[in-house]
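Have the model open while you read.

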Amino acid sequence: MSAFLEVQNLKKYFKTGRGTLHAVDDVSFKIEKGTTLGVVGESGCGKSTLGRTILHLLDSTGGKIFFQGEDITHVNKQKLRELREEMQIIFQDPFSSLNPRMSVSEIIKEPLILKGGMSKDQMDEEVKKLMDTVGLAERLTNAYPHELDGGRRQRIGIARALALNPSFIVCDEPVSALDVSIQAQILNLMQDLQEERGLTYIFITHDLSVVKHISDEICVMYLGQLVEKAPSEELFENPLHPYTKALLSAIPIPDVHNKKQRILLKGEITSPIDPKPGCRFAARCIHATEACRKPQALEEINPGHFVSCQKVRELNDSKIHKEETI
Amino acid sequence: MSETKQTDNLVSVRDLVVEFTTDGSVVHAVNGVSFDINKGETLGLVGETGAGKTTIAKAILGILPDPPAKVRNGSITFEGQDLLSLPEKEMRKVRGKRISMIFQDPMTALNPIFTVGDQIAEAILLHEKMSKAESEKRAVDMLELVGIPGERCKEYPHQFSGGMKQRVVIAMALACNPELLLADEPTTALDVTIQAQVLEMMANLKEKLNTSVLMITHDLGIVAEMCDKVAVIYAGEIVEIGLAEDIFDRATHPYTKGLFGSLPSLKSHEKRLHPITGMVPDPTNLPEGCKFSPRCKYADEGCRCQAIPLHDLGNGHLVRCRKEGGEK
């Protein structure tokens, strides 16, 4: 059986005055139905562009996208409209992603109007149900976004995304703008919705503890490339790529007794414009050698654990399963 | 923290009350906050958006916009001087020299039309008797101190990345060797690997210069890493304060516990978070009695009818809860 969603060698380049910006470069992965794929990386690594390209909010430059076994890389307008019912997005900033001139009910109703085929009463009934699902009080029906706090606004964004009963949602940093106590409420809501409706998520975030909490599998991106992909537990217990290791060690842990050993990276993310072939992390990597300047391939090191680093075996000899190394 | 530092008080905030008057309503931003910071010590101020963290820092620095802000009560004593009654002319000698602030957003804290070197030199020229050339030399030294090559002092803010800009802001704040540094979410706008670099640098500088720091953050991970003492603030009140070990090991106030329960952990395999129900109260209309009581599962009538004092659990660990977190 084919995967629920599959992308193969997906590329998205932007033409800029200074050259071609490789925002997403040769990314491939599969997601099974009802699971969550976390995508982590620092700002500018292409994680949002990846989500938007899959949804056709941006046109891909190369590669293929399969949705429920069907090639949807190039689709006409009619087909795109149908697809949009199945694929939705929740945006990062609940302050700018809601029209300030529309009331809560109008915002949630808009997708229903666009789809058509419902009477006004049916739509009002549906809006009521959706508001209830995401935990918005009925008295807020006629409120405007500016009257509400970030958590409630994000609930509106979720209700709007759910309106057409999609099967797949790209969540682009949905909790980054929220306070921790509200963040936890929204994460729980999203998990409940996934269970009830069998939703499939791509969860884009820079917050590693959030991504560990919500994801089944995690992709780590660096400068447009996928550097490591593994089941959530495996990635955190046994990170293999030098960048993933540095990223994980950089998270401050709320524990006063266990001060951990940091791997401090030198320098900053390099420019994604006209990058040289080879590992893009090499410039900051303490293990980099001449061979890292050649293009790297994603390789399955442990079952389900893919790493794009030619030195991975040498660096992690003890952590790789015995069967694999023989 | 050594015993000698305990007595070496640098700044004392007592019963600070700050209100903002808006069209007809009064926002009770800070409601009777007291704390001390000793020399060389870092106090973490933790709380959610709107809890009053930044307002406290701005009150210390005397940069609250009046109107609408008004300090209604309290005192801020800095090395024996009451900052609140200091004339503006005197305050200017303190601000930027003895107390300085790192603002949250490095993108807007720098002036886009001056080079970073000029901006750092400006702070130095205002407070130190030295020539322009000397101040520029010092600016270059400061840049190198925060890990930016000195030759970049002739560049403009837009030529720097976010992490570099935040370093420039830190260089500016440290330019006159302040005794107290107010760091308002200094790494919130940065990526984790860059955040790790900046925190490491701040810790090293603090060690070198023996600066006291008020670290404002909502990230308990940063608090664990950087702070000696922690104050948890909710709706303009300190609900719990104590040594970092006490707060992390023996969190007592239901709100503090709730904050910890809301954090997805990197260690545990728990698939469900335990958020605090409800929302932060409207600061124009705060609840009577314990301000957390509407969201607290232990609250009863007694919590709602009277103001709750801070209760001493020993070792300077204070908690504003008459039930000690539901255990009594």
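A:L5 stands opposite A:I31 in β2(A). This is a predicted model, where local features need pLDDT of at least 70, side-chain atom pairs count only at pLDDT 80 or more, and totals for chains, interfaces and linings use all residues. Residues are numbered from 1 along each chain as its sequence is written, while chains are lettered from A and ligands numbered from 1 in the order in which they are written.

**The hairpin in chain A**
- Strands β1 (residues 5-16) and β2 (residues 19-31) of chain A run antiparallel, joined by 9 bridges.
- There are 2 residues between β1(A) and β2(A) in this hairpin.
- Strands here are DSSP runs of E, at least two residues, and helices are runs of H or I, at least four, numbered from the N terminus; strands pair if DSSP finds at least two bridges between them.

**Where the chains touch**
- 34 residues of chain B are in contact (C-beta atoms, placed from the backbone, within 7 Å) with 30 residues of chain A.
- On chain B's side, α8 (192-209), α9 (220-226), α10 (244-249) and α11 (254-262) each supply at least two residues.
- α8(B) gives the largest share, 7 residues.

**A look at α8(B)**
- α8(B) has 18 residues and reaches 25 Å from first C-alpha to last, close to the 26 Å expected at 1.5 Å a residue (1.5 Å times one less than the number of residues).
- Cover for its buried residues includes α9 (242-249) of chain A plus α7 (162-174) and α9 of chain B; buried means 20 or more other C-beta atoms, placed from the backbone, within 10 Å of a residue's own.
- Just after α8(B), B:N210 takes a positive phi of about 55°.

Methods: Two residues are in contact if their C-beta atoms, placed from the backbone, lie within 7 Å.
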